Amino acid sequence: MPAHADKAIDLEAKLKETTESSPSSGKLMKELVNLYWKDEKIFGIIRTTSKFSRSQAEDPQRAAMTLKLIEGYTVTARHDDVIMTGRQFLEIFPGHALTNNVREYIATAYENTGRGNLAAIQYQTIWANDGSASQGIKALRLFNQVNNSASFNRASSLATAMVTITPATSLLTGVGFQGMHAAERAEQWAEGLQIAKTLIRRN
């Protein structure tokens, strides 16, 4: 049996002797997660980070541990758990530095369960929250794929905002073309014209 496994068994035994919400329990759980992470023991990670997130409300590492829990759910394709835990994270830690990471996992879970519009909203929010242009482009693609009036309106409005600040590369051209397509489908002629003028000016 690997040394890490022996250590994990020992830590699990010690953990059973502590109160879950105590600082000593929190310390043991952090050690366990580190061991499970090194050994890629996904179910050990899920079990321990779930317990930590639930019981260590005041610990400064609670957000990071909750993100590890979401990552564990993602690896095991527990998409509904990703979404539920991700939403809880956003409620508990609004504005946290890890928010965009969490939203991306939520978006991926929505994509994997056929909810493209909800995934697009998450990607759009990531982009608006200082995310990369690639996140905004994912949102545009998904809004256009949803293929209804509301989603085309969203795509057109997003592209109108993006073309003013996206770097003047092929990315900008892609954003503009997707936005003009959406504006045409949504019959947002003014927005489509604005996107086209911005493309000409910036290219």
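Predicted model: local features only at pLDDT ≥ 70, side-chain atom pairs only at ≥ 80, totals over all residues.
Local features require a pLDDT of at least 70 and side-chain atom pairs count only at pLDDT 80 or more, whereas totals for chains, interfaces and linings use all residues. Residues are numbered from 1 along each chain as its sequence is written, and side-chain values use heavy atoms, with hydrogens and water left out.

Helices here are DSSP runs (H or I, at least four residues), numbered from the N terminus. Buried residues (under 20% relative accessible area, with a 1.4 Å probe and protein chains only) in α2 are Ser 25, Gly 26, Leu 28, Met 29, Leu 32, Val 33, Leu 35 and Tyr 36. Just after α2, Glu 40 adopts a positive phi of about 55 degrees.

With a relative accessible area of 6%, Thr 85 is buried. Not counting residues up to four places away in sequence, Thr 85 touches Thr 66, Leu 69, Ile 70 and Tyr 73, where contact means heavy atoms within 4.5 Å.

The next pair is α6 (residues 99-112) and α7 (residues 116-128), which pack at an angle of about 160 degrees with axes 8 Å apart. Axes are lines fitted to C-alpha atoms, for helices over the stretch in contact, and angles run from 0 to 180 degrees between N-to-C directions. The two helices are therefore roughly antiparallel (an angle over 145 degrees). On the α6 side, the contact is made by Asn 100, Arg 103, Glu 104, Ile 106, Ala 107, Thr 108, Tyr 110 and Glu 111; α7 supplies Leu 118, Ala 119, Gln 122, Tyr 123, Thr 125 and Ile 126.

Gly 116 lies in α7 and, leaving aside neighbours within four places in sequence, is in contact with Leu 142 and Val 146. Gly 116 and Lys 38 are 78 residues apart in sequence, and their C-alpha atoms are 34 Å apart in space. Ala 120, also found in α7, counts as buried at 0% relative accessibility. Beyond neighbours within four places in sequence, Ala 120 contacts Ala 139, Leu 142 and Phe 143.

Technical notes
Parallel < 35°, antiparallel > 145°, perpendicular 65-115°, else oblique. Buried < 20%, exposed > 50% of the residue type's maximum accessible area, 1.4 Å probe, protein only.
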